[in-house]
Amino acid sequence: MNQHTNLQPKNTMNEFYFASLVLSALLTGLSAGLFYSYSCSVNPGLGKLADAEYLRAMQGINKAILNPTFFASFMGSIVMLTLAGWLSYSGQHVFQFKMLLTATVIYVVGVFGLTVMGNVPLNDALASFDVSSATASEIAQQRTLFEQPWNKFHAIRTLSAVAAFVFTLLAFYKLK
């Protein structure tokens, strides 16, 4: 008798789907964690700085965040959530599809969309502001124009990122 008759063939599609689901959760979790930790530590710390130091610090942070590591999780979440959702679109993974579709919509609108339409324009305006040649009044005005709306957008995208992460985790529920 052949000793290999009890071996089941690997289901490559399910393995690929599971890997896409794990990567979706990892990347979405990294983005949610970044925004959450920023809300818990960086924003409160920056808020205590004097106006000119606050603006310079935000200018530096806004430059530093534009790196491959950030973009891998920020953009990778969109790619992997979309892929995992597409792979789950079958009668076998109806619940997972609904959770991943919800996570994708929340992430694309509440994280990516809000960042592109809200935070980035504020960052761009701040980048063009010359702190060293501005008066104290101009610096105070620039901070007012930047800080409150930026923090509001950031709070919404943080909640959206956490919600997207939770829905991604729910896609693991009853996974066969």
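These legends describe close-up views of one predicted protein model.

**View 1. Confidence along the predicted chain.** Residues are numbered from 1 along each chain as its sequence is written, and side-chain values use heavy atoms, with hydrogens and water left out. In this predicted model, local features need pLDDT of at least 70 and side-chain atom pairs count only at pLDDT 80 or more, while totals for chains, interfaces and linings use all residues. The predictor's confidence in each residue is given as pLDDT, from 0 to 100. The protein has a mean pLDDT of 92, with 91% of its residues at 70 or more. Helices are DSSP runs (H or I, at least four residues; strands are E, at least two), numbered from the N terminus. Confidence is lowest in helix α1 (residues 12–47), with a mean of 93, and highest in helix α5 (residues 136–170), with 98. Over residues 4–9, pLDDT stays under 50, and the model has 0 contacts there beyond four places in sequence (contact means heavy atoms within 4.5 Å). Where pLDDT is low, the predicted coordinates should not be read in detail.

**View 2. Helix α3 against helix α4.** Two packed helices are described by the angle between their axes and the distance between the axes. Axes are lines fitted to C-alpha atoms, for helices over the stretch in contact, and angles run from 0 to 180 degrees between N-to-C directions. Helix α3 (residues 68–88) and helix α4 (residues 94–127) pack with axes 9 Å apart, at an angle of about 155 degrees. α3 and α4 are therefore roughly antiparallel to each other. The classes are roughly parallel under 35 degrees, roughly antiparallel over 145, roughly perpendicular from 65 to 115, and oblique for the rest. The crossing of α3 and α4 is left-handed, meaning that the near helix is turned anticlockwise from the far one by less than a right angle (right-handed if clockwise). Residues in this contact include F74, I78 and L81 of α3 and F97, Y107 and F112 of α4. By class, the contact of α3 with α4 has 12 nonpolar, 8 polar and no charged residues. Ala, Val, Leu, Ile, Met, Phe, Trp, Tyr, Cys and Pro count as nonpolar, Asp, Glu, Lys and Arg as charged, and the others, Gly among them, as polar.

**View 3. Helix α2 against helix α5.** The axes of helix α2 (residues 51–64) and α5 come within 9 Å and cross at roughly 50 degrees. That makes α2 oblique to α5. The crossing of α2 past α5 is left-handed. D51, A52, Y54, L55, M58 and N62 in α2 meet residues of α5, including R143, E147 and W150. The contact of α2 with α5 divides by class into 8 nonpolar, 2 polar and 3 charged residues.

**View 4. Helix α2 against helix α4.** Here the axes of α2 and α4 come within 10 Å and cross at roughly 120 degrees. That makes α2 oblique to α4. L55, M58, Q59 and N62 of α2 make the contact with N123, L126 and A127 of α4. Its residues comprise 4 nonpolar, 3 polar and no charged.

**View 5. G113 in helix α4.** G113 has its place in helix α4. Leaving aside neighbours within four places in sequence, G113 is in contact with V108 and G118. The C-alpha atoms of G113 and Q59 are separated by 21 Å, and these residues are 54 apart along the chain.
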